[in-house]
Amino acid sequence: MRESQEGREAREERWRAWMGAAQTGDQAAYEKLLVELLPHIRAFVRRRVFDASAQEDVLQNVLLSLHRARHTYRSERPFTPWLHAIARNAVTDHGRVRGRRLSQERSLEDEGVAEPVAAAEPETGEAFSPELEAALAGLPPKQREAVFLVQVEGLSVAEAAARAGVSVGALKVRAHRGYRLLRDRLGACPSEGRR
Amino acid sequence: MSEPSNESLIESLARDLQPVRPIPRLRTVALAVLGTFVAMLAVYGLFGGVVPLGVSGVPWSDPVFLVVLAGLATTAAGGILAALAGAVPGREGEARLGRRILGVGLLLAAGGVLWGVGRADALEPALPIASSLRCGGRAAALGLVPALVVCVFLARAFERRPLLGAACAALGALGLGAVAAHASCSGGGPLHLMIGHWLTPFGAALVLALPLSLLVRGRAG
C-alpha cells in the first residue's frame with residue numbers, strides 16, 4: 001500500500017527532529033531513527049543491488065556512512081534526499097569495488113589462501129598450522145585484528161569495522177593488506193609447498 | 001547476515017554517538033572564501049602589489065579582455081560551487097552544475113584568449129615568459145589561501161573524491177586569483193593573455209590539486 005502524502009510529511013518531520021537530536025548527542029533519538037530507517041534503506045538497496053548476499057552488507061555500509069556523515073545534515077534541508085544520497089553512494093561504491101574484490105579473491109583462491117570475504121568457520125576450535133600461526137603473529141596489529149575479526153570471528157565487514165572503531169573502507173584496506181602479507185609469507189614458506 | 005547483526009550495529013552506533021556540530025551553510029562558506037580572497041587582495045595591495053582598479057591602462061572596453069574576464073569569473077564560481085557542493089550528501093545536483101559551469105568558464109576564457117590571438121595584427125615577437133609568469137604567479141598567490149579555505153571545508157564535510165574536490169577547489173580559487181590578475185594587468189599581448197592569464201594559473205591549479213587532496217584526506221582522517 002502506498003504511503004499517503006501526510007504520512008510521508010510526518011515521517012520526514014520525525015526523521016528531521018530525530019537527526020537534529022542525534023547531532024546534539026541524543027542516543028535514544030538516534031537509535032529510534034536508525035531502527036526506523038532500516039526497512040526504508042533496505043528497500044532502497046534491494047531495488048539497486050540484485051546480489052541478495054551483498055544487500056545486507058551494503059545496508060550496513062549505508063548505516064556506517066550515515067553515522068560518519070551525520071554532521072553534514074542541516075535541519076533546514078529535507079532529510080530523505082540527504083539519506084538517499086548517502087545510500088546511493090554506498091550502492092555505487094559497492095558496484096565499483098565488487099569487481100575489484102572478486103578478482104582479488106580469485107587470485108587468493110588460486111594461491112590457496114582463504115578468501116577474504118567468505119568467512120572461515122567461526123570459532124571451530126581447530127588450531128592453525130604453525131606456519132599460519134607464525135604468519136598471523138607477524139602481521140601488524142591492526143591488520144591482524146582485521147583478519148581475525150573477519151576470518152576467525154566470522155563478522156561481516158561492517159560489524160568488524162564497528163568493532164575495530166574504523167570505517168568500513170579502512171577495515172577492508174587493513175584486511176586486504178593482511179591477506180596480501182599472509183599470502184606473501186605463506187607463499188614464501190617451503191613447508192606450504194607453494195611456488 | 002541476519003537481522004540481529006543490524007540491530008547490534010545500530011546499538012553500537014547509538015552507544016558510541018558523540019555530539020557533532022553541523023557543517024556551515026554552503027552560502028556561508030562561499031562568502032568566507034570570497035572574504036578571504038578580498039583580504040588577500042587587501043594584504044597584497046598593502047605590500048605594494050598591483051590590485052584591480054589600482055592601475056590605469058586596463059583595457060576595460062576591449063571585448064577580448066571582457067570575454068576572458070567573464071570566463072575566468074565563471075571558472076571561479078563554478079569551481080567553488082562544484083567543490084563545496086560535492087562534499088555534502090544530497091547536493092550532487094549542484095556539484096554537477098558547478099562542474100558544468102567550471103567547464104564553460106574554462107572554455108569561455110580559452111575562447112577569449114584564442115580570439116585575441118586570432119584578432120591580433122601581430123603576436124609578441126618573443127614569448128613573454130617573465131611577465132606571464134608574474135601574472136600567473138600573482139593569480140596563484142592570491143588564490144592559494146582561498147583554496148585552502150575550501151579544502152578545510154572539504155575535509156570537515158564528507159568528501160568522497162578528494163582529488164576531484166581539491167581540483168575543483170584549486171581551479172575555482174585560482175580562477176578568482178586569475179580574475180584579479182587579469183583585471184589589474186595593463187599590458188601584454190595575446191600570448192601573454194594565453195600564458196599568464198590562462199595556462200599558468202590553471203596549470204598551477206592542477207598541480208596544486210594533488211597536495212590539496214592529501215590535505216583533505218589527511219584532515220578527514
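Visitor: Is A:Glu36 buried, exposed or partly exposed, and how is this read?

Guide: The model is a predicted one. The reading rests on relative accessible area: under 20% is buried, over 50% is exposed, and partly exposed lies in between. A:Glu36 has a relative accessible area of 25%, so A:Glu36 is partly exposed. The class of A:Arg14 is also partly exposed, because its relative accessibility is 34%.

Visitor: With which residue does A:Glu36 form a salt bridge?

Guide: A salt bridge requires a side-chain nitrogen of Lys or Arg within 4 Å of a carboxyl oxygen of Asp or Glu. A:Glu36 meets this rule with A:Arg14, since the closest N and O atoms are 2.5 Å apart. The pair links distant parts of the chain, with A:Glu36 in helix 2 (residues 27-46) of chain A and A:Arg14 in helix 1 of chain A, 22 residues apart.

Visitor: How many residues apart are A:Glu13 and A:Arg16, and where do they lie?

Guide: A:Glu13 and A:Arg16 are both located in helix 1 of chain A, three residues apart, which is about one turn of the helix. They form a salt bridge, and their closest N and O atoms are 3.8 Å apart. A:Glu13 counts as partly exposed because its relative accessibility is 47%. A:Arg16 has a relative accessible area of 23% and is therefore partly exposed.

Visitor: Which salt bridge is formed by A:Glu76, and where are its two residues?

Guide: The side chain of A:Glu76 meets that of B:Arg25 in a salt bridge, at 4.0 Å from N to O. This pair crosses between chains: A:Glu76 is in the loop between helix 3 (52-68) and helix 4 of chain A, and B:Arg25 is in the loop between helix 1 (3-15) and helix 2 (26-46) of chain B. A:Glu76 is partly exposed because its relative accessible area is 36%. B:Arg25 is likewise partly exposed, because its relative accessibility is 37%.

Visitor: Which residues are joined into one network by salt bridges that share partners?

Guide: A:Glu12, A:Glu13 and A:Arg16 are joined in this way. Over all chains, the count comes to ten salt bridges.

Visitor: What describes a pair of aromatic rings?

Guide: Such a pair is described by the distance of the centres and the angle of the planes. By the rule used here, there are six aromatic pairs over all chains. One of them is formed by A:Trp15 and A:Phe79, with 5.9 Å from centre to centre and 65° between the planes, and this pair is edge-to-face. It links distant parts of the chain: A:Trp15 is in helix 1 (residues 5-23) of chain A and A:Phe79 is in helix 4 (residues 79-110) of chain A, 64 residues apart. A:Trp15 and A:Phe79 are both buried.

Visitor: Why is the pair of B:Trp60 and B:Phe65 edge-to-face?

Guide: Planes over 60 degrees apart count as edge-to-face. The planes of B:Trp60 and B:Phe65 are at 80°, with the ring centres 5.3 Å apart, so the pair falls in that class. B:Trp60 is partly exposed because its relative accessibility is 39%, whereas B:Phe65 is buried because its relative accessibility is 4%.

Visitor: Which residues do ring pairs link into a cluster?

Guide: The cluster consists of A:Trp15, A:Tyr73, A:Phe79 and A:Trp82.

Visitor: Which residue lies over the face of A:Phe44?

Guide: A:Arg48 does, at 3.7 Å from the ring centre. In chain B, B:Arg119 lies over the face of B:Trp115, at 5.9 Å from the ring centre.

Visitor: Which residues make the nonpolar surface patch of about 250 Å²?

Guide: The patch is made by B:Leu144, B:Val145, B:Leu148 and B:Leu215. Helix 5 (residues 129-156) of chain B gives the most to the patch, namely three residues. B:Leu144 belongs to helix 5 of chain B, and its relative accessible area of 34% means that B:Leu144 is partly exposed.

Visitor: With which residues is A:Glu31 in contact, leaving aside its neighbours within four places in sequence?

Guide: With that exclusion, A:Glu31 is in contact with B:Ile10, B:Glu11 and B:Ala14. A:Glu31 is placed in helix 2 of chain A and is partly exposed because its relative accessibility is 32%. A distance can also be read in two ways: A:Glu31 and A:Ala135 are 104 residues apart in sequence and 40 Å apart in space, from C-alpha to C-alpha.

Definitions and conventions:
Residues numbered from 1 in each chain as written. Chains lettered and ligands numbered in written order. Predicted model: local features only at pLDDT ≥ 70, side-chain atom pairs only at ≥ 80, totals over all residues. Heavy atoms only, no water. Patch = residues over 30% accessible without salt bridge, like charges linked within 9 Å, V, L, I, M, F, W, Y side chains within 5 Å. Areas by Shrake-Rupley, 256 points an atom, 1.4 Å probe, with all protein chains shown as cover. Helix = DSSP H or I, 4+ residues; strand = E, 2+ residues; numbered from the N terminus. Buried < 20%, exposed > 50% of the residue type's maximum accessible area, 1.4 Å probe, protein only. Phe/Tyr/Trp six-rings, centres within 6.5 Å; stacked < 30°, edge-to-face > 60°. Lys NZ or Arg CZ within 6 Å of the ring centre and 35° of its normal. Contact = heavy atoms within 4.5 Å.
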